[in-house]
Amino acid sequence: MAVVNLKGGSGKSTLAVQLALSWAKARTLVLADIDPQASSALVLDRRDPTVEVVRSTGSKLPMLKTGLARRGLQCLVVDTPGSMKEDVAAAISAADLALLVVRPTYLDIAAAAVTAQMVRQLRRPALVVLNQAPPARSGVESGVVLKALEALALLRLPIAEAIVRSRAVFGRATELGRAVSDVEPASPAAAEIDALAREIGQALQFAQTPEAGYLIHT
């Protein structure tokens, strides 16, 4: 799966780390960081033995994917830069699913439109997830979220039912290099990541064939 958006600051690395930590509890997993900033690698390197971290580049992804598959790898998460189109395209091309991460802002949605076009041109399956959204109040979504979902529908890509909200625990989990489910097991954030991980897992048919899923994050 490729988690992508040609926009920095959308929380792609945070989701890559959290999804990797979630999936690694049930299957062998590698996180390849091809972003020059190496945010995911900095968070996970030497902190969590369940996730192997590899620094790489977009051009090396096919070779990396082949080598890891020979080792019996079940899942690959790749964190890619937001502004380097060639690397993002390489990640999407190598992915079984592109996860398009979008905050409910005009600039994020505008960048998502360009990224969605790239996904369609490369003919890869995709899923859009709304990230860093304000929490609903008394079960009622804010106007910002409703407008964002309406705009995202115009991308003509499936939208994840799971919405990841803006919550302080994500910052604490990042500092510790741990899953939010370990930092605050009963928190809404843990439930949101679990719901998203399950939804993506179903799209990749992890339950039936764990070996089939290659997860690539930008």
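**View 1. Strands β5 and β6 side by side.** Strand β5 (residues 98-102) pairs with β6 in the parallel sense, and five bridges link the two. Here, strands count as paired if DSSP finds at least two bridges between them. Strands (E, at least two residues) and helices (H or I, at least four) are DSSP runs, numbered from the N terminus. The model shown is a predicted one, in which local features need pLDDT of at least 70 and side-chain atom pairs count only at pLDDT 80 or more, while totals for chains, interfaces and linings use all residues. Residues are numbered from 1 along each chain as its sequence is written, and side-chain values use heavy atoms, with hydrogens and water left out.

View 2. How many of the five residues of strand β6 (residues 126-130) are buried? Five of the five are, so the strand is largely enclosed by the rest of the structure. Buried stands for under 20% relative accessible area, exposed for over 50%, and partly exposed for the range in between (1.4 Å probe, protein chains only). In a regular strand, side chains alternate between the two faces of the sheet. In β6, A126, V128 and L130 point one way, L127 and V129 point the other way, and all are buried.

View 3. Strand β2 (residues 29-33) runs parallel to β4 and is joined to it by five bridges. Among these, V30 has L76 of β4 as its bridge partner. A contact means heavy atoms within 4.5 Å.

**View 4. Helix α4 against helix α5.** Helix α4 (residues 85-94) and helix α5 (residues 106-122) pack with their axes 10 Å apart, at an angle of about 50°. That makes α4 oblique to α5. As for the wording, angles under 35 degrees are roughly parallel, over 145 roughly antiparallel, 65 to 115 roughly perpendicular, and the rest oblique. The α4 side of the contact consists of K85, V88, A89, I92 and S93, while V114, M118, V119 and L122 come from α5. By class, the contact of α4 with α5 has seven nonpolar residues, one polar and one charged. Nonpolar covers Ala, Val, Leu, Ile, Met, Phe, Trp, Tyr, Cys and Pro; charged covers Asp, Glu, Lys and Arg; the others, Gly among them, are polar.

**View 5. Helix α1 against helix α9.** α1 and helix α9 (residues 188-203) pack at an angle of about 75°, and their axes are 10 Å apart. That makes α1 roughly perpendicular to α9. On the α1 side, L15, Q18, L19, S22 and W23 meet I193, L196, A197 and I200 in α9. This contact of α1 with α9 divides into seven nonpolar, two polar and no charged residues.

View 6. Not counting residues up to four places away in sequence, T115 touches V4, N5, L6 and L100. The C-alpha atoms of T115 and L6 are separated by 6.0 Å, although the two residues are 109 residues apart along the chain. G9 lies in the loop between β1 (2-4) and α1 (12-23). Leaving aside neighbours within four places in sequence, G9 is in contact with R103 and Q132. From G9 to V102 the C-alpha separation is 9.5 Å, across 93 residues in sequence.

View 7. Most residues other than glycine have a negative phi. A38 is not a glycine, yet its phi is positive at about 55°. A38 sits in the loop between β2 and α2 (39-44), and at 10% relative accessibility it counts as buried. R156 also has a positive phi, near 60°. R156 belongs to the loop between α6 (143-152) and α7 (169-176) and, at 62% relative accessibility, counts as exposed.

Notes. Axes fitted to C-alpha atoms, helices over the stretch in contact; angles between N-to-C directions.
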